[in-house]
Amino acid sequence: MTKSRVNPVRGVGHMGRTIVSKNEIKWGLSVSLFGVGLLSVGLLSVGLSIAPAQADPVDDTLVIDGKEMITRTAAPEGHPFKEVLSGWLFRTEETRALEADSFQNPAMLGVDEGAEIWETVEGTAGKSCASCHGDAAESMAGIGAHYPKWDPETKRPVNMELKINQCREKNMGAEAYKFDAREQKALTSFIKYQSLGDPMSIDLSQGDMRAWWDKGKELYYTRTGQLNLACGSCHEASMGKMIRADHLSQGQVNGFPTYRLKQQGLVSLHNRLRGCIRDTRAEMPKAFSDDLMAIEVYVTWRGTGLSMETPAVRH
Amino acid sequence: MANVKPRVKVPKTASKGEIITLKTLISHEMESGQRKDKEGKPIPRQILHTFTCAFNGQDVFSCDMEPSISANPYLEFDAKVEESGTFVFTWLDDDGSTYTAESKVAVS
């Protein structure tokens, strides 16, 4: 990404823009993001010399431990798409195979760690998760498929990470996990894994959830950053196309925390949302901030009916 | 290194002379030695450099691993089993640690 020697005038020319700088170094930097620009121009169908490559979702069935996952399903009412598609359908054959085998899936190492944390006594109350909730396979079955939920006490939606922190502080007398602490990702994955295969849905009738959904929707379509991209620019308008060497999926959240091969570890949803916003060259909202919680509510709704795949494997 | 956990998958039973598939996965950073920390200092290499698998004391499979191998290395290989016994899997770490896992197979 450093000072590229690619002729910037040629690169910019493809984009059909008239602004051409002779400052090679300055433009050289942005040329490496040429693919991004190309796509955003593609949306507006402005004089494209190269047709964007298509990377349509594959026709394949995901079966994990004998359980068939719902990777495509009819969209809920008011959804821009007819069909919602899991990100699994947009990945390569090798990556898909990695998720389909729960032994090979490297994220299962995190789930195993989460299972240990579940049993570990921490905090002044001398309790572990298991002290109150018992066997997670029973008590947490299906729970993770319906977050974020309305929290009447704090009067905002809570996701699994926040719920765990509340429980740690209130009931265990333990410290809340810092954002993206290894233990937070492991325990969140472990709890959500108990809902593997369950269709994802959230209850918008509770509290002010509808208002948060509205806010999330507004943010989803708000262009942001120097690249002036909204979530919808890529994940709605360009779904199925390539962004540089990568397939653009619908940006579904049913597999989080997910193992990203690129990062060689579990990645939380708010980490990924922040990463996406950073890539538009905008300022990143803090994890669990109102903005990101609103987006989480909205994008979770956008995946209504998809199976929980936590922990999924993505590129 | 904290949190190094091996996982192995071996069929519990097999018939005599059968070729079985063994799968292993271990949590490890596989720090390549090429990266730098926030202050610009190189992060020293720490990888699992050797893997061996023995069946009833006899080597079945072994390999050297190099710094470009991803975190949490996964290895899969086959072995022909003639008798019941125990597979012992061993990983050697740059820091001198040894991680092992065992799994029994009953051959009929």
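## The sheet in chain B

Let's start with chain B of this predicted model, where five strands form an open sheet with mixed pairing. Reading across the sheet, the order is S2-S8-S7-S4-S5. Strands S2 (13-14) and S5 (58-64) of chain B take the edge positions. Each has a single partner strand, so one side of each has no neighbour in the sheet.

The partner of S2(B) here is strand S8 of chain B, residues 98-107. These two strands run in the parallel sense and are joined over 2 bridges. Within S8(B), B:Ala106 is the residue that B:Thr13 stands opposite.

## Helix H5 of chain A

Now over to chain A and its helix H5, which covers residues 108-119.

The buried residues of H5(A) are A:Met108, A:Leu109, A:Gly110, A:Val111, A:Glu113 and A:Gly114. Their cover includes elements from both chains: helix H9 (182-193) and strand S10 (265-267) of chain A, along with strand S3 (18-26) of chain B.

## Where the chains meet

How many residues of each chain are in contact with the other? The contact involves 8 residues of chain A and 10 residues of chain B. On the chain A side, H5(A) supplies the largest share, with 3 residues.

Technical notes. Residues are numbered from 1 along each chain as its sequence is written. Chains are lettered from A and ligands numbered from 1 in the order in which they are written. This is a predicted model: local features need pLDDT of at least 70, side-chain atom pairs count only at pLDDT 80 or more; totals for chains, interfaces and linings use all residues. Two strands pair if DSSP finds at least two bridges between them. Helices (H or I, at least four residues) and strands (E, at least two) are DSSP runs, numbered from the N terminus. The expected span of a helix is 1.5 Å times one less than its number of residues. A residue is buried if 20 or more other C-beta atoms lie within 10 Å of its own, exposed if 12 or fewer, and partly exposed in between; C-beta atoms are placed from the backbone. Two residues are in contact if their C-beta atoms, placed from the backbone, lie within 7 Å.
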